[in-house]
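Subject: A structure for you to explore

Hello,

Here is the structure I promised to pass on. Please open it next to this email and look up the residues as you read.

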Amino acid sequence: MKNKAAARIGTYLKPVKASLAIVAVSGLLYNIGMIAGPWFEGKLAQRLCEVIAGTQGFRDMVRLALAYVAVIAAVQVMRYVKRLYVRKFANQINRDMKQELYHSMVFKSKRELQQEGVGALMTKAISDVDACVEGIRKFTTEVFDTGVVMLAYIVMLFQYDWRLTVLSMAFPPIAYYIADRLKKTVTQNAKEYKKSAERLNAATYDRIGNALSYRIYGQESRRDSAYEQCLSDYEDKAVRANIWENVMQPIYLVISMAGCVCILWFGGKNVLGQGWTPWDIAAFVTYLSCFTKLAAKSSKAAKLFNSVQKAAVSWKRIQPFLAPAQAQGMKKPLASDKEMPRGKTMELQQVSFGYAGGKSLFSDVSFSAKRGEIIGITGPVASGKTTFGKLFLGELPYQGKIQINGRVTYMGHDPELIGGTIEENILLGESGDAWQALSWVDMTQEVQQLPEGIHTRIGNGGITLSGGQKARIALARTLWHRKEILVLDDPFSAVDMQTEQRIFSVLCRLAENSTVLLISHRLSLFSRMTRVLWLEDGTVTVSDHEKLMQSHPEYAGLYRMQTQGDTGKEGESENAG
């Protein structure tokens, strides 16, 4: 479903065609069978009069009643089948839609997600999808429970007295007209309710995530007051969003039932033989019962209009997120191993990048790499080191050409850890020995000293760990899942120089069949790199360490200052990073 069709409702109906077929068959049988109720009710009323008059016996009444019960039981079985499969297909659509939304969000850049806001994303991912699918479910249900059965009732009413039917049916359209006129109000209130839900979700995440900061600076009461305002606004908007749909239902019913006055008057004349069509008691009771059920269904149809209008609001909110990644402006690296010489893992040709509205960070970068190479990437602050590494993830729309032969494993300078155990963070659901990965990053002893060892839960984002521990667990995970290309952004920023040297030696051994791009502002290891990329003033120099020491005084100055003045203490490195 990863195409533009994911943003169309019809796409989600195709996988549930079997369920829809069962819904259609059972729905037709159930709703057509519904007209049996008024028919039997009329016959029972007539039979009762005949029993009282002595023209029929009690046994005749019992037989008719048993037939009524049997028919209604069969109709209700069809109702059960229809509702079961309506719920099944609605659940499947909900699942598919949320899956598409999930994939869309996963392929969005972190910048785009942060601009959208956590509250808005959570509302779209859960509340809006649920509201949209509920609208689809209601519409599908009412196509049969309202549309088909109303048609069956109307056909039946015309059989008894077409003039009275035309007169009585003049009222339900008034309810539909009012429901349609309320469309703008319902839609506007639904939009405001969704926005209020976004603000409440965002406030909830903010209150939890920044609780310590608010407490330290004495702002707890102020934030609590602001949160209460969000709650009050949400309550008010929720009431406004639902009030028209619920309050208008009795009004729709009263309007639709107004035709009963005509039935009582003109139908009574029919029974007396003074009306348009001669009736007996059975015909009068059947007609009145049939019309009251029709009127009730009509009022629900009017309410359905408002429900669908609310669902349409949710659909419009999530529809942009269901478009494929390419349609959202992402540009992914081009994998074309057939064009690349044997042994090469990547090749860049005149690659340039600059953020919209800003100057170019770097331009005309061209080089290739092969297996076993460890390439250092460095430069002054804000020179574009991290941005350069992200080009290999397809997050940014660069110019030029990047060819890769294989897959990329990436570790960012701000490690993304899940709220599970240390083992879960390393293996990510795969089987294997996570202790081995910990030994690669010189962390075995530290983990053994934890209360639950490798099964210790580290909290959301690794909140229970130090900066150095988080970085090394993230690096252990990256090395465990290493691919043909490893992009490591400041993996050693929070460890001392001795630990850095030990981990780097392991990295050299593990990366014999990979190409490593090691981004760092610490240059102590750069003399051991195969090559170095020096980013400065929008240009990228591709050379080796010795040549850069001679040709670029700023690089040489940074290297000498760091290798001669580093204290080697993890705590100081953490603060500096």
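Below is what was found in it, from the whole chain down to single side chains.

First, some ground rules. This is a predicted model, so to speak of local features we need pLDDT of at least 70, while side-chain atom pairs count only at pLDDT 80 or more, and totals for chains, interfaces and linings use all residues. Residues are numbered from 1 along each chain as its sequence is written, and side-chain values use heavy atoms, with hydrogens and water left out.

**The whole protein**

The protein has 22 helices and ten strands. Both are DSSP runs numbered from the N terminus: helices are H or I with at least four residues, strands are E with at least two. Of the 577 residues, 45% are buried. Here buried means under 20% relative accessible area, exposed means over 50%, and partly exposed is in between (1.4 Å probe, protein chains only). Among contacts with a separation of 6 or more, 78% are between residues 24 or more positions apart; a contact means heavy atoms within 4.5 Å.

Helix α18 spans residues 467-480, and its 14 residues reach 20 Å from the first C-alpha to the last, close to the 20 Å expected at 1.5 Å a residue. That expected span is 1.5 Å times one less than the number of residues. Eleven of the 14 residues in α18 are buried, including Gly 468, Arg 472 and Leu 479.

For contrast, turn to Val 25 in helix α2 (residues 17-33). Val 25 is exposed, at 53% relative accessible area.

**Salt bridges**

Side chains of opposite charge can pair when their charged atoms come close. Twelve salt bridges were found, each a side-chain nitrogen of Lys or Arg within 4 Å of a carboxyl oxygen of Asp or Glu.

Which residue forms a salt bridge with Arg 199? The partner is Asp 233, with the closest N and O atoms 2.9 Å apart. Arg 199 lies in helix α9 (residues 183-209) and Asp 233 in helix α11 (residues 220-257), so this pair ties together parts that are 34 residues apart in sequence. Arg 199 is partly exposed at 43%, and Asp 233 is partly exposed at 22%.

Arg 223 and Asp 206 form another salt bridge, with the closest N and O atoms 3.3 Å apart. This pair also links distant parts of the chain, as Arg 223 is in α11 and Asp 206 in α9, 17 residues apart.

Arg 240 and Asp 236 meet in a salt bridge of 3.0 Å, N to O. Both lie in α11, four residues apart, about one turn of the helix. Salt bridges that share partners also join Arg 199, Asp 233 and Lys 237 into one network.

**Rings and cysteines**

There are eleven aromatic pairs, meaning rings of Phe, Tyr and Trp (its six-membered ring) with centres within 6.5 Å; planes under 30 degrees apart count as stacked, over 60 as edge-to-face and the rest as tilted. Ring pairs link Phe 353, Tyr 355, Phe 362, Phe 388 and Phe 392 into a cluster.

Cys 260 is buried at 12% relative accessibility, and Cys 290 is buried at 1%.

Enjoy looking around!
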